Amino acid sequence: MTRYAKVRFPSALPQLDKEFDYSIPDGLELEFGQLVNVPFGPKKDNKVGIVVELSSDSEFSSKASSIESISCSIPLLTKSQLDLAFAVAQRQAGSVGELLSQILPKRLKRAEAAYAARNETFSGLEAKPLIENELLSHKRVFASFDYKVEPNGYPAWAKEIALLGAWQLGRGQSTLIVAPDYRAVEALEVAIDALGFSNYSIRHESSDTGSVRYTNYLRALDEVAINYGVRSASFAPAKNLGLIVLIDDGDESHIEQSAPYWNSRDVLLQRQEIEKAAMLVTSYSPSADMVRLVELGYFKKAELVQAKPMTRVTDNHTRLDDESFGFISSCLRAGKPVLIQTATLGQATGVACRNCRELRECPECSGRIWIDASGKFRCRSCLFSGPIGACSCGGVDVSIIKLGSSGLAESLAKGFPEAQIVHSSGAEKITRVASGATLVIATNGAEPFVDGGYSCVLIADAYSMVAGSRLRSLEQSALRWANAASLVSQQGLVIFVGLTGLIADQAKQFDFYSMIQADYTDRVELGLPPAQRLLSISSTSQADLNDLTAETLNSDVANYLRKLPASGNQIAFTYPYAQGNQVATTLIELSMKISNKSKFRKPGQRLFRISMDDASVL
DNA sequence: AGCACGCCGACT
DNA sequence: GTCGGCGTGCTC
């Protein structure tokens, strides 16, 4: 009797996003997840597909061609990866095929031939991770670790997470750790190595060479191991997955920039359900999304933080007070390192009202305003350019001022000629600096590690970071502050410059959870993310966008959608979580229909950009 | 994506 | 009367 295989193609084309049936030639043994060459299209060219089902009959039996050959005998896709692709495609209104093309590794024949599975299994570990009981009893846990630096300069959380991985190995299970950036990946790697587990760990890192990446993918398919990497590792295979760890889930680097615009948190939450694993989300300051999940009771908040650094908050954002200046001075004189966190490096200038002296803000996004070479007002955060009108005090005259951070950094640098000045921004990839009388000026998220930690961490731009009026400004800022603060030494001091009111008090107590919780409560009242989800649709064709908007508002999901003010060729709606699947299904259907008959669709380019969770709109 | 099918204008 | 334009639609 003829047997059939259902095959999917790793392709972003929506028309190919379904299963195709092929008959299996006699004598050919197939397995789920194998790559096969199949004839496809009018010319019956060979195309590589993935076996996703084996069956004894097919409704296409008359049309079905026969599988040409096996392209890769190692099954490269697991059933849970396919389930995850389905779940994510459904949630994000995307296609399974485009996710498969993101998930599957680039094959390298030589690496494949050289690969040999190791049979060594790990046995026994006496490790007792901090959070073991919570994970065993609650399965899904949110926690912040101590603000503590190891003697080698790496943060203590990395060691705790490595310990969790080792503990899982002792139980015969894999761990998957997803970190926001290469800095965190390095900290994890060092911590895993220090425990003596590098042989049982697998790094999933896109900056590795192709053969290393592919070999690591193959290893992950059949070794129980500690898997770790950045965002893309969310889809990496993991044998017998017992624990998922997500670090800094609110960090923007966890958002995939290509369709279907998934983020690590959403993917891993679904993966946790599919693979029945435990899950730990950890960050010093929570995302509003995690606050929501804790309030829903879906996540359990574990109380772990015991060590908090000393803090000092100043309310003047234009200059540093004498006491803080004196403290930094004494640190540098004593040969101890100091970290200054700024929003931007270099000669940042701003525009202030000549009457009331307040900083002027962008009329579009409240970002920082500067004056370009042609004398026009421009915004540093958005594309705004043009007149900014009168100040809220009525004043129209402005003066150009040098802003706090760089001015501060500069004056500190001048004040301490003996200090070595190190600049670190995202572009420079400095992960470590030497201890000593070093003044490190780093942009958000680019703070290097230093042996023993910094004696002083100065959050120089707290004022302007909080002043941003984007929905996620406070969340993003608090995460940056908390992460910088976590690099301070035991007797060190954290100084927040220019904070006032409740936020100043919460920062002083390192109570970022309450800070974000209050922020989240406001958003619940306003029905804004993450209390509701936010959908955005844009298109190169305004006419087709109008069509899709009209048809969507005519469909059965219209009642769940609340339209937000449109900006340019983008429309946005908020909608409840419960109707997410329905909204996604409707959008896939309607966008396909309109796209198919559109005169404006360009080959190889999709007509609509649909994001089911767009963080950039508000 | 390819590629064929199909229905309208300028050519031996 | 045919060659070929690329709009429309399918690929198991």
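Helices (H or I, at least four residues) and strands (E, at least two) are DSSP runs, numbered from the N terminus. The model described here is predicted: local features need pLDDT of at least 70, side-chain atom pairs count only at pLDDT 80 or more, and totals for chains, interfaces and linings use all residues. Residues are numbered from 1 along each chain as its sequence is written.

**The surface near DNA strand C**

DNA strand C is surrounded by 14 residues, the closest being Asp21, Lys44, Lys63, Ala64 and Ser65; a residue is near a strand if one of its heavy atoms lies within 4 Å of it. Sugar or phosphate accounts for 54% of the atoms of DNA strand C within 4 Å of the protein, and bases for the rest. The table lists polar contacts, that is, pairs of N or O atoms within 3.5 Å.

| Atom of DNA strand C | Protein partner | Distance |
|---|---|---|
| sugar or linking oxygen | polar backbone atom of Asp21 | 2.5 Å |

E2 gives the most, with three residues.

**The second largest pocket**

A pocket is an open set of points on a 1 Å grid over the protein atoms alone, where a 1.4 Å probe fits, with protein on both sides within 12 Å along at least five of seven lines; lining residues have an atom within 4 Å of a point. The second largest pocket holds about 820 Å³ of space. Its lining comprises 33 residues, of which Ala12, Leu13, Pro14, Met592 and Arg606 are the closest to the centre. Helix H17 (580–597) is among the elements giving two or more residues to this lining, and H17 gives the most, with six residues.

Terms used: Chains are lettered from A and ligands numbered from 1 in the order in which they are written. Side-chain values use heavy atoms; hydrogens and water are left out. A polar contact is a pair of N or O atoms within 3.5 Å; within protein, one must be able to donate a hydrogen and the other to accept it, and residues adjacent in sequence count only if both atoms are side-chain atoms. Grid points are joined across faces, edges and corners, and a volume is the space filled by probe spheres set on the points.
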